[in-house]
Structures are given as C-alpha cells and as structure tokens.
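Please look through the model below with the following notes beside you.

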Amino acid sequence: MGSSRDVHAISPNVSYQEDMRYIFKPSSWILGSIGIWPLTICGAGHHVSKIAIVICNFALSFAIVPCILHIIYDEKNLNIRLKLSGLLGFCITAMMKYCVLTIRRPDIQRCIEHVKSDWWQVKFSSDRELMLKYAGTSRRLSTISVSSMYIAGFIYHLILPFCNVHKIDNQTIRPLVYPTYSEFHQSQISPIYELVYLAHCMCGYTMYTVTAGSCGLAAIFVTHACGQIEVLASRLEDLSHGQNFGPSLDVNQRIAAIVESHVRILRFSAAVRELLQELCLLEFASSVFTMCLPEYYCIVDWQDSDTVGLTTYFLLFVSFCFNMYILCYIGELIVEKSSQIGLMCFMIDWYQLPAKSVRSLVLMIAMSSQPIKISAGRMIDISLATFGNVLKTSLAYLSFLRTLIM
C-alpha cells in the first residue's frame, strides 16, 4: 500500500521528523504501553510488546473471571447485579477490542507506513498546512477521548471504592474495584490484597487505554485521508495553471498525477475501513447495550444522594458518549470530504482544458459517486445519524429498566 523509499534519501519535507512526532507521539505512548503500537526495537527489547500483551490480558482475565463467579453465585440483589453486569460488559468489550487490535497489528503497521510515506513526499508548504490542519483535528479528538476516559477511570478505581467501606462482624472489609468470588477468602490478607488491588488497577488502565487508544488511532487514519482529499482538491483547482505540480508537466501528466493520488487515497481508505470495522462494531454494540446503564446508575445515586457515585457514573457516561461521537464524527467527515471530489471536478475551469483531457475526469466523478464510508462490521454506516440512533436506543433501554426495576 505504501511505496518503499530509500532510507538514505532526503525527504522533500524538511519538517518530516517534527511532523511525525506531532502526529504519532500521543498514540505511540498510549498504545505502546499495552503492546499494540508497532515498535522498531532490536534484540531483547523486541519482545517487550509481547510481554505487555500477556500482562494486560492476564489483568483483564484476573478481574473478569472472579466478577462473573460473584454475579452468578454470590450476589442476590438485582440492582447490584445490574450494576456489576454493566461493569462486566465493558470489561469484556474492552478485552475483545484488545484482541482485535492485537490481531490487526500488521494492518496498523501498514497504515502507519502509508501515512509516513505521504508525509515523506510532501513538497509544497500549502500541502503541509492542509495536512497539519487535519492532524491537529485528530490530536484534539484523541485528547478529548483520553482525558475523559482517564479522569472517569481514575475516580472509579481510586476514589469510588473507598467511599463504600463497610464492616462485617466488626471487621472492616477493605474495598476492591471489582468484586471477587466468596471462596477467595484470602483476598483481604496483606500482601494479597495489595496485589489484587494493583491487578484491578492494571485492568482498568488496560480497558481505558484500549478504548481511548483505538478511538485515537481511528482519528489519525481517517483525518489523514481527509487531509489527502483536501490536497487532491487543491490539485484539481490548480489543474489548468499547474502551480502546485512539478515543473514542466503538461495537462495530461497533471491529470495522471491527480488520478494516481485519488487511487492511492481510495486504497488507503479501504485499508482503514477494513482495520476499523470490528472496532466500530464492538463500540457500537457496547454503546447501544451499556450506555443506558450509567444513566440508570446516575438516577439511582441521585435518589440515594451519593455525590461521588453520581459524579463517577456521569463522567463515565460522558466518556462513552465522547468515544462514540468521535467515531461517528470522523465517519461523517470522510463521507463529506470524499463526496466533494466529484463536485470539484465540476467546479474547476474544465472548459479551459483540451476536450480529450476533460474526459479523463469522468472516471473520478464516477468513483466519487459512492463516497468512502466507515462501517461497523460492514452492517451499519458510522455517521452522526448513527450517534443519534445510539442515544435514542440507550434512552429507550433506560426507560425499560426504570419500568422493570424501579
């Protein structure tokens, strides 16, 4: 997908290294901490990512399995079961996303190399400014996702458990983030308690990192495709004059360069769509079925005057909304931008071009008649309309829960 380049060649983009750090540094730190980001480390360090993947999967399993046993055998209160089921559903969804990201690491690597190749070949400052505009959009979206997830997760794991300390037979039960099976009596004994609590915090960090990291990764790739479309649109506007093309290129060569760039964008977009389809499907399913639970918990904590619980679940609900909205926003953005290519072919000064050259634009118009779309499992197109449907569905489930339980 990305063209190979000589490692000794000099990039036309003199700010290439700076641009790469600006685009990839946040995601490389976030996803690199859980072993997903492709690393170029030789020797023993080559196995760091594999070790991180094993540790994170163990932490997720360490929290999920005892929680399932607790819900099935120990807990009899329906409200608490419902609250734990929402937590368990989020954990299992995050684990499935983590597995998808692990399996898709070669695809992530290829998309990263494609982005690097595009930035390597930038020749004009105007193109770089357009690409930086969308790179800045992806950073802002990633920052919103990471901030909302980590703030809510910090409160949920480090503050909320200690607000519900209780005693049994005059013995204080030290709180854990995730409930454990009653047969595991030694979880209250030091240093086992500290190790279990640390594993639960590691589980939470993995979940929130997977959720925010996958959203940030989608933002990087989709906004990069949008930036390339903007560059292509500027090429179309300049087709008759040729100021943003290489020297001594005639009209036919300019059109050939434009078509080649368009095909490259379509191939990259197809690779991104293939990479994101499972992640979008999991995010969509999780949002539809679990977004109503934080809403329900907020109502319960409001009635119980539990300020900490209300704040925590409200922040979790907001973070879930942000993640789903970001995916729907970039899905809407790529549809809008890709649809503009055909329109641009109509809007340029095509009447000033030779008749035979104008015919070459018909193919681009035909290819743009079906815009690029991001889908959830090739079943549901991700757009702002999808986000509205998710919110309406979650409110419908909330109404059903209130009727059934309250």
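1. Asp381 pairs with Lys373 in a salt bridge (a side-chain nitrogen of Lys or Arg within 4 Å of a carboxyl oxygen of Asp or Glu), and the closest N and O atoms of this pair are 3.6 Å apart. Asp381 is partly exposed at 38% relative accessibility, and Lys373 is likewise partly exposed, with a relative accessible area of 36%; here buried means under 20% relative accessible area, exposed means over 50%, and partly exposed lies in between, with a 1.4 Å probe and protein chains only.

2. Salt bridges that share partners also join Arg104, Asp107, Arg110, Glu274, Glu278 and Arg378 into one network. Over the whole structure, a search finds eleven salt bridges.

3. Before going further, please keep in mind that this is a predicted model, in which local features need pLDDT of at least 70 and side-chain atom pairs count only at pLDDT 80 or more, while totals for chains, interfaces and linings use all residues. Residues are numbered from 1 along each chain as its sequence is written, and side-chain values use heavy atoms, with hydrogens and water left out.

4. Arg128 forms a salt bridge with Asp19, with 2.8 Å between the closest N and O atoms. Because Arg128 lies in helix 5 (residues 125–158) and Asp19 in helix 1 (residues 16–32), the pair ties together parts that are 109 residues apart in sequence; helices (H or I, at least four residues) and strands (E, at least two) are DSSP runs, numbered from the N terminus. Arg128 is partly exposed, with a relative accessible area of 22%, whereas Asp19 counts as buried at 2%.

5. Lys337 forms a salt bridge with Glu230, and the closest N and O atoms are 2.8 Å apart. Lys337 belongs to helix 9 (residues 307–347) and Glu230 to helix 6 (residues 192–237), so this pair ties together parts that are 107 residues apart in sequence. Both Lys337 and Glu230 are buried.

6. Which residues of helix 12 are buried? They are Thr386, Phe387, Val390, Ser394, Leu398 and Leu401, and they lie on the same side of helix 12 because they cover an arc of only 120° around the axis, the arc being that of the directions from the helix axis to the C-beta atoms. On the other side of helix 12, Ala385, Lys392, Phe400 and Thr403 are exposed.

7. What covers the buried residues of helix 12 includes helix 3 (78–103), helix 7 (251–290) and strand 4 (380–381), where contact means heavy atoms within 4.5 Å.
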